[in-house]
Amino acid sequence: IRDYKVTGVQTCALPIFWRNLQATGTRTSEELAGLAMLLLQEGNESERRAARRRLLLDDRYRSVLLDHLRTAKDCAEAKALALIAAEQLPAKAALEVLSLAVSVGAEPAAAFVLLGRRDVSALQQAYEQSLASDLDPKLRDLLVAGVGFSGEPAAIEIAKLAQQSDPDPEVRLRAMFALTANAPAALGESAIQRALDDPQIRSHPQRLGAVVLALDNLARAGEVNAIDRLGQRLRVTDGLTAGARLELEKILARALPGGHTSR
């Protein structure tokens, strides 16, 4: 492996360089993977980045890369690799990468949304399994985001399940956002009312602020009557921060004539 020097090759062009070597038969895929393994440990940062991307897409060595990421806990790199995985790997393999990224502290929400648009059923199944085992609420939160903003019919079903059954209040909030975005007329008001009835949300100022923000989904959908009713309730809700109350009044001013509720 140590014979594989890349002198004179721009590091940013390494992936192209590797593909050209393989295409011309200069190096086999196995040899190029060996080069990537070497650079993963001994290369400079740009070389390590290129090596990680090559190993990510190689079924034989992906587990080595995941072990490396698990040890390094490089959130930025894990997030970048999650995006590549969501775009290029089969759903099952991509979910393994995305789950690893979450476990080391990254929050690759965009990767979950991208994968949800490619294969929403894989995320739906992963959420249901995670809910059943009650493991890793952050992963469940991002799975709901991926399904909830996929634009697929499954988005509503998973969001309803999550808001009604998930033990974590942050996941329930994510589900509320998905419902107000995907079905503002049919389910938006009930989703916000359910959130306001939730003790773990109602007693938490930051979560209450998120509920106020979800109200804007209904405002954009023109749900004036729902905004009126919810606005009345939120105005008398204890625990809203000054910033959340200001945001509430801004939403009501945009949605209602003069910002006035009926009562």
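User: What is the volume of the largest pocket?
Analyst: The model is predicted. Among the residues that line the largest pocket are Ala 91, Lys 92, Gln 125, Gln 129 and Leu 143. The largest pocket has a volume of about 240 Å³.

User: Which elements give two or more residues to the lining of the largest pocket?
Analyst: The lining includes Leu 95, Glu 96, Ser 99, Ala 122, Ala 126, Ser 130 and Leu 139. By class, the lining holds six nonpolar, four polar and two charged residues. The elements that contribute two or more residues to it are α6, α8 and α9.

User: How many residues does helix α8 have, and what distance does it reach from its first C-alpha to its last?
Analyst: Helix α8 covers residues 120–133, which gives 14 residues. At 1.5 Å a residue, a span of 20 Å is expected, and the span found is close to that. From its first C-alpha to its last, α8 reaches 20 Å.

User: Why are the buried residues of α8 said to be on the same side of the helix?
Analyst: In α8, Val 120, Ala 122, Leu 123, Ala 126, Tyr 127, Ser 130 and Leu 131 are buried. They are on the same side of α8 because the arc they cover around the axis is only 165°.

User: Against which helices do the buried residues of α8 pack?
Analyst: The buried residues of α8 include Leu 123, Tyr 127 and Leu 131. The packing partners of the buried residues are α6 (91–103), α7 (109–118), α9 (137–148), α10 (154–165) and α11 (169–182).

User: Which residue just after α8 takes a positive phi?
Analyst: Helix α8 comprises residues 120–133. Just after α8, a positive phi of about 50° is taken by Asp 134.

User: Is Arg 62 buried or exposed?
Analyst: Arg 62 has its place in helix α4 (residues 62–72). Leaving aside neighbours within four places in sequence, Arg 62 is in contact with Leu 55, Leu 56, Leu 57, Leu 89, Ala 93 and Val 97. The relative accessible area of Arg 62 is 7%, and buried means under 20%, so Arg 62 is buried.

User: Is Thr 71 buried or exposed?
Analyst: Thr 71 is also found in helix α4. In space, Thr 71 and Val 104 are 8.7 Å apart, C-alpha to C-alpha, although 33 residues separate them in sequence. The relative accessible area of Thr 71 is 67%, and exposed means over 50%, so Thr 71 is exposed.

User: What percentage of the residues of the protein count as buried?
Analyst: The protein has 16 helices and zero strands. Of its 263 residues, the share that count as buried is 48%.

Key:
Residues numbered from 1 in each chain as written. Predicted model: local features only at pLDDT ≥ 70, side-chain atom pairs only at ≥ 80, totals over all residues. Heavy atoms only, no water. Helix = DSSP H or I, 4+ residues; strand = E, 2+ residues; numbered from the N terminus. Expected span 1.5 Å × (residues − 1). Buried < 20%, exposed > 50% of the residue type's maximum accessible area, 1.4 Å probe, protein only. Arc of directions from axis to C-beta. Contact = heavy atoms within 4.5 Å. 1 Å grid on protein atoms, 1.4 Å probe; cavity = no way out; pocket = protein on both sides within 12 Å on 5 of 7 lines; lining within 4 Å. Points joined across faces, edges and corners; volume = space filled by probe spheres on them. Nonpolar A, V, L, I, M, F, W, Y, C, P; charged D, E, K, R; others polar.
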